[in-house]
Amino acid sequence: MSLWQEGIRRHRGWIAASLLGFVVLAFAPALLPPFYLRVGTLFLFSAALSLSWTLLGGFAGYWSFGHTAFVGLGAFTAALLEGALHLHPATLSLAVGAAAAALACTLLSGLLAWPILRLRGIYFAVAMLAVAQVLAELTSNVDAIKGALGIVLPRVVLPGVAQHVLYYRLFLVLLFAILAIAFAVRISRLGQGLVSLREDEDTARMLGVPTERYKIAMFVLSAALTGLLGAVYAHSLGYITTESVYRTDISLDMIVYCLLGGIGTLIGPIVGAALMTVVTQVVLGQLLGIHMFLTGALLVLLVLAAPAGLVGLLARRRQVPAA
Amino acid sequence: MLTLQTIADGLVLGGLYALAAVGFSLIFGVMSVVNLSHGVMVLIGAYLAWLLWHAIGLDPLLAIVPVMAAMFGFGYLYQRGLIRFAVERASLLASMLVTFGAALMLRNLLVLVFSPDFKSIAPSYAFAHVRLAGLTLDLVRVAALALSMLLLLALALILNVTRIGRVMRATAQEEVAARLCGIDVRHVYALTFGVSAAFAGASGAIIGLVLPFSPSDDGLWTMNAFVVVTLGGVGSPAGALVGGLLLGLIGAFAARLIGPAFPNAMMFLVLVAMLLIRPAGLLGNAWRARA
């Protein structure tokens with residue numbers, strides 16, 4: 001039996017659960033009041049971002065602290081290109097912009113991959129942080145990019161679909177598409193190789209895993225998907241500036257959600273994003289003055305109490321009686 | 001002449017960067033922890049000095065002494081009460097997130113206590129300056145530079161001559177061996193955090209004198225510290241000094257030659273280039289031999 005067939009067979013339950021989740025989430029807009037629909041949209045966007053991050057950070061163990069570089073690059077590529085082309089209808093414009101965003105991120109990450117992936121651990125983390133900072137400053141200070149002034153994006157209208165429902169659906173489709181990609185990667189030979197390189201890169205390399213090629217592939221894939229999300233996010237905002245898409249908190253949230261849910265797993269980022277979005281938007285929304293304090297406290301508690309994430313916590317509990 | 005003035009300005013700022021970064025470098029060198037709350041510790045120092053100046057009129061340069069003492073205590077407890085658990089229970093990367101969470105909390109507290117506005121410390125001599133061979137030098141800045149050098153020298157002496165300095169270096173080199181020799185490693189780690197916080201606090205007090213500051217600057221000072229350490233090398237005051245001065249010069253020249261908006265972009269470009277070419281920094285890791 002091939003690796004693929006076996007992977008699909010072994011995870012039948014998860015696949016069924018994902019399909020069910022998709023159906024439930026797809027019908028949710030009819031029932032949710034507008035505010036919760038916004039929270040839901042934010043959740044879908046965050047979960048999709050975290051999944052893209054985990055392709056590199058969770059699978060290969062290369063923690064990028066600057067993935068917002070690709071959100072921003074994607075958003076500005078889409079905005080600038082669409083502004084120059086003036087395509088009609090706006091749906092076509094969105095599609096072209098999103099494709100261009102993914103392409104731009106593929107190019108940049110392809111150029112960066114070889115040198116930057118030679119760095120490991122915190123050095124890689126901080127180099128990515130620096131990449132994001134450089135891109136953000138260039139976007140703000142090069143007049144042609146209009147990062148400081150801001151750009152208005154064409155408004156996408158579908159007959160019969162309200163604006164907020166439209167982006168909810170878009171992010172829902174993107175989330176499950178990325179989930180499918182991540183699942184395919186995880187059960188393939190590539191996924192096995194990535195996990196082995198996460199556990200011990202030198203040993204994996206010695207055993208013949210093409211570590212260099214694998215991690216470059218993941219870096220580029222992760223960047224391209226993040227860029228795609230960035231382009232759609234830019235449309236959902238309608239108007240972007242450097243500050244609204246190059247945000248360090250986006251970079252960190254991706255990590256936090258994966259860590260909270262369980263790093264290296266596929267369900268982890270989704271669980272983490274759901275929990276944190278609800279907590280920060282619904283519960284802490286009332287407490288703006290100490291919002292940052294509570295987020296920080298939550299972060300500290302989370303790392304101390306559940307180093308392997310919620311999924312890890314549950315798995316450990318399940319294992320205890322068996323052992 | 002303009003070039004000389006740029007160099008002078010760069011060196012003055014560079015001295016401050018070096019002092020602000022040396023504590024970060026020490027923690028990184030001794031326990032490999034990347035302390036993302038370092039920038040907040042610098043700011044706490046600045047706010048403490050501001051408070052002392054406003055409340056009892058204590059000169060910021062004299063305030064360095066109580067600020068350092070208070071920050072030492074803070075750093076010691078911070079390590080014993082929080083960082084220790086993070087390092088023991090999770091990975092070093094996860095401990096980075098813990099320090100980031102702590103930074104968010106502390107920054108929020110600073111906003112609540114001191115408001116999010118910019119503050120500055122301006123004693124009577126704040127605007128005095130000397131003209132020396134055509135260069136204009138603010139007295140405050142010269143004093144800040146001199147004091148930074150003095151404090152760095154003091155730290156170098158502590159590390160190289162005193163018993164506690166030897167113990168710290170031994171722990172950094174080989175934790176297990178140090179433990180076997182009867183060193184209380186936990187105490188040493190907490191001490192290192194204390195010393196680091198004390199120097200961050202001192203730099204904060206001096207920075208308050210030279211530049212306006214606000215709670216949202218913490219990320220800037222943390223990044224600065226990281227760049228300084230990457231440029232100069234981990235763990236030693238000398239490495240911090242080289243990195244700090246270099247960063248100051250890069251910033252001053254980028255602002256003059258390319259444009260005032262670009263020093264940060266330049267700084268990060270240099271950082272990435274440096275990580276790729278020589279990740280151990282110009283002076284290398286002071287304590288660990290690299291293969």
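1. Where in chain A does A:H86 lie? In this predicted model, A:H86 is found in the loop between α4 and α5 of chain A. The phi angle of A:H86 is near 55°, which is a positive value in a residue other than glycine. A:H86 counts as exposed because its relative accessibility is 61%, the cut-off being over 50%.

2. A:P89 is also placed in the loop between α4 (68-85) and α5 (90-116) of chain A. The peptide bond that joins A:H88 to A:P89 is cis, with omega near -5°.

3. In chain B, a positive phi, near 60°, occurs at B:S32, again a residue other than glycine. B:S32 belongs to the loop between α1 and α2 (38-56) of chain B. With a relative accessible area of 23%, B:S32 is partly exposed, since buried would require a value under 20%.

4. Helix α5 of chain B comprises residues 139-161. Its 23 residues, at 1.5 Å a residue, should span 33 Å, and the end C-alpha atoms are 32 Å apart, so the two values agree.

5. Which residues of α5(B) are buried? They are B:V140, B:A144, B:S148, B:L151, B:L152, B:L155, B:A156 and B:L159. An α-helix has 3.6 residues a turn, so residues three or four places apart point the same way.

6. The buried residues of α5(B) pack against several elements of chain B: the helices α1 (2-31), α3 (60-89), α6 (163-173), α8 (185-210) and α10 (237-257), together with the strand β2 (135-138).

Definitions and conventions. Residues numbered from 1 in each chain as written. Chains lettered and ligands numbered in written order. Predicted model: local features only at pLDDT ≥ 70, side-chain atom pairs only at ≥ 80, totals over all residues. Heavy atoms only, no water. Helix = DSSP H or I, 4+ residues; strand = E, 2+ residues; numbered from the N terminus. Expected span 1.5 Å × (residues − 1). Buried < 20%, exposed > 50% of the residue type's maximum accessible area, 1.4 Å probe, protein only. Contact = heavy atoms within 4.5 Å.
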